[in-house]
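Reader: I have not seen this one before. Can you walk me through it?

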Amino acid sequence: MSPAVPGPRRAPARGKRAFAATWWGQAWVAALEGSTLDAGRLSRGRTYARKGMVGPVTIVPGQVNAAVQGSRPRPYHSSVHLPVLTDPQWDTLLDTIAARARHLAALLDGEMPAELVDDARQAGVPFLPQPSELDPECSCPDWGHPCKHAAALCYAIAATIDADPFVLFALRGRGREEVFARLRALRTAAQKTAAAPEPAGIPAALAYAHWAEEPPELPELPEPAAHTTALPVAPPPGTGLAAADLERLMADAAARAARLIAGDTADLHLTQHQDAVRISASDPGPEWFHHLIQNTGADLTAFARLTRAWRHGGPTGLTVAEQPHSPDPTVMKATRAALETALAEMTDSPTHLRAWRNRLTLTHHGIQLRLGPDARWYPYLQGDDGEWWPAAPADTDPVTALTAAWSQNGE
C-alpha cells in the first residue's frame, strides 16, 4: 500500500527568516547543513529557495523530488534520498508510539513530540534524518554534494515538514493513513490483552532453566575435508560440462562450507553477479574468466575491475567499487587535512584534492582513495581507459593507502 503523501505543490518563496519554525523542521535543516562542508553551495541553495525557484514537490517513500530552476532555461531535476525504515524498525516505532497515549495525541494535533523521537532512538530506530543519511541527486553538471539545486530543494521542503510532520513518516516509508490504521490496531489489541484473564502455563525462564539442566546431546561436527573426491563418472556427452570444471565447483563449494562452519559468513548472501566475480578472483584460468563474462552478460573491462576489487577487499571491496555513499563529513574533512599534509612532504608541486561523497581524488596524479563501510581506505588508480582501478589492499590509515597507490603509480 502506497503511503498517503502530499501531492505536487509549489514550494513557497521564503523571506529572510529561518526556513523552519518547528524543532522537527529545524532538525531537517540541521541534517542538511551537517552533511556538507560547502557553505557556498548552501548559501546559493538558500537564495534559490527564497526566490521560489523550486517547482512543485513530490514526496514518495525514500525521496523528495522537484524541478529546480537554475541559470539555464530548462530546470534541473533534483532529488533528496532518505533511507526508508525496515518492517522490524516500523514495528518498533509504532509500538513506541502506541505505548504512550500522549504521543498519539500530539500527532493527531499535528505536533511531533520530542519524547517520541528520543524513545525511538533509544529503541534503535533512527527517525529524524542524520547528516550521513541525506543523499542528494541532481541532473546538473555540478559535482557538489549537495549542489545548490538539491540544497534549495532541501530548504524549500522544510516549510512542508514544519506544517505536516507526517512528511517525515512518508519519507521513511509509510503515510499518515497507514500509520494511524496500525496505531489503532495496536491500541485495540492492547486493550483486549489488558482485559483478558492470565493464561495458564509456565514462565519462559523456568522452561529454559529446565532445558539448561539437561541439554540435548549434539553430534560432533566432522573436520572439513582437505579435498573433494573425483566424480565417479564423466558428465554425459553433449552437455557442455567437463569433469574438471565440475570438480572445481565441488572444491569451491566444500571450501565455502568449511568457512561457514568456522563462522565466516562474508560471502554467504551473494548475487549471481557477485558470485561470478568471486570465482573469477580465485584465478580459475582465462577460459573460465571468459565463460563467466559470457554467461552473466557482464562488460569485459568492468568485470576485470570488479575481479581486482574482490582480490584486494573481498565482498566489501566489491561494494566500495560499485556503490558510493555519503560518510560523516567530519571524517572526510580530517582525512583531507591529513592527506594534504602528507602530500606537502611527498611532492613539491601543487596538489589538488577533490572530495565527492566517500571519495578523495588527487586529480593531477590519477590517484583516488575511497572510504569503505568498514572504515578502511581503498586506493584506486586511473587507467588509460579513464576508469578507476583498485590498486592495493585497503588500510585504516588513509596516508598508508595513499602511499600504496603512490608507489603503484610510480610516483
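Reader: Which residues are linked in a network of salt bridges?
Author: Asp87, Arg174 and Glu178 are linked that way. A salt bridge here is a side-chain nitrogen of Lys or Arg within 4 Å of a carboxyl oxygen of Asp or Glu. Bear in mind that this is a predicted model, where local features need pLDDT of at least 70, side-chain atom pairs count only at pLDDT 80 or more, and totals for chains, interfaces and linings use all residues. Residues are numbered from 1 along each chain as its sequence is written, and side-chain values use heavy atoms, with hydrogens and water left out.

Reader: How far apart are the closest N and O atoms of Arg174 and Glu178?
Author: They are 4.0 Å apart.

Reader: And is Arg174 buried or exposed?
Author: Arg174 is buried, at a relative accessible area of 14%. Buried means under 20% relative accessible area, exposed means over 50%, and partly exposed is in between, with a 1.4 Å probe and protein chains only. Glu178 has 23% relative accessibility, so Glu178 counts as partly exposed.

Reader: How many salt bridges does the structure hold?
Author: There are 12. One of them joins Arg336 to Glu340, with 3.6 Å between the closest N and O atoms. These two are 4 residues apart in helix α14 (residues 329-346), which means about one helical turn separates them. Helices are DSSP runs of H or I with at least four residues, strands are runs of E with at least two, and both are numbered from the N terminus. Arg336 is partly exposed at 30% relative accessibility, and Glu340 is partly exposed at 38%.

Reader: What about Arg376 and Asp374?
Author: Their side chains meet in a salt bridge of 2.8 Å, N to O. Arg376 counts as partly exposed at 27% relative accessibility, and Asp374 is partly exposed too, at 30%.

Reader: Where is Gly372?
Author: Gly372 is in the loop between β8 (367-371) and β9 (377-382). Its relative accessibility is 4%, so Gly372 counts as buried.

Reader: What does Gly372 touch, not counting residues up to four places away in sequence?
Author: Val320, His325 and Tyr378. Contact means heavy atoms within 4.5 Å. As for Thr396, its C-alpha is 9.7 Å from that of Gly372, and the two are 24 residues apart in sequence.

Reader: Changing topic: which helix is Arg305 found in?
Author: Arg305 is in helix α13 (residues 300-322). Arg305 is buried yet has no salt bridge. The nearest side chain of opposite charge is Glu387, 4.0 Å away. For charge, Lys and Arg count as positive and Asp and Glu as negative, while His and the chain ends are not counted.

Reader: What else is Arg305 in contact with?
Author: Leaving aside neighbours within four places in sequence, the contacts of Arg305 are Asp385, Glu387, Trp388, Trp389 and Pro390. The charged end of Arg305 also sits over the ring of Trp389, 5.7 Å from the ring centre. A charge sits over a ring if NZ of Lys or CZ of Arg is within 6 Å of the ring centre and within 35 degrees of the ring normal. Arg370 lies over the face of Tyr380 in this way, at 4.0 Å from the ring centre.

Reader: How many aromatic pairs are there in the whole structure?
Author: A search finds 6. In Trp23 and Trp24 the ring centres are 6.1 Å apart and the planes are at 85 degrees, so that pair is edge-to-face. Rings of Phe, Tyr and Trp (its six-membered ring) pair if their centres lie within 6.5 Å; planes under 30 degrees apart count as stacked, over 60 as edge-to-face and the rest as tilted. Trp23 is partly exposed at 33% relative accessibility, whereas Trp24 is buried at 3%.

Reader: And how are Phe166 and Phe180 arranged?
Author: They form a tilted pair, 5.1 Å centre to centre with 50 degrees between the planes. Phe166 lies in helix α7 (residues 166-171) and Phe180 in helix α8 (residues 176-195), so the pair ties together parts 14 residues apart in sequence. Both Phe166 and Phe180 are buried.

Reader: Last one: how many helices and strands does the chain have?
Author: The chain has 15 helices and 10 strands. Of its 411 residues, 39% count as buried.
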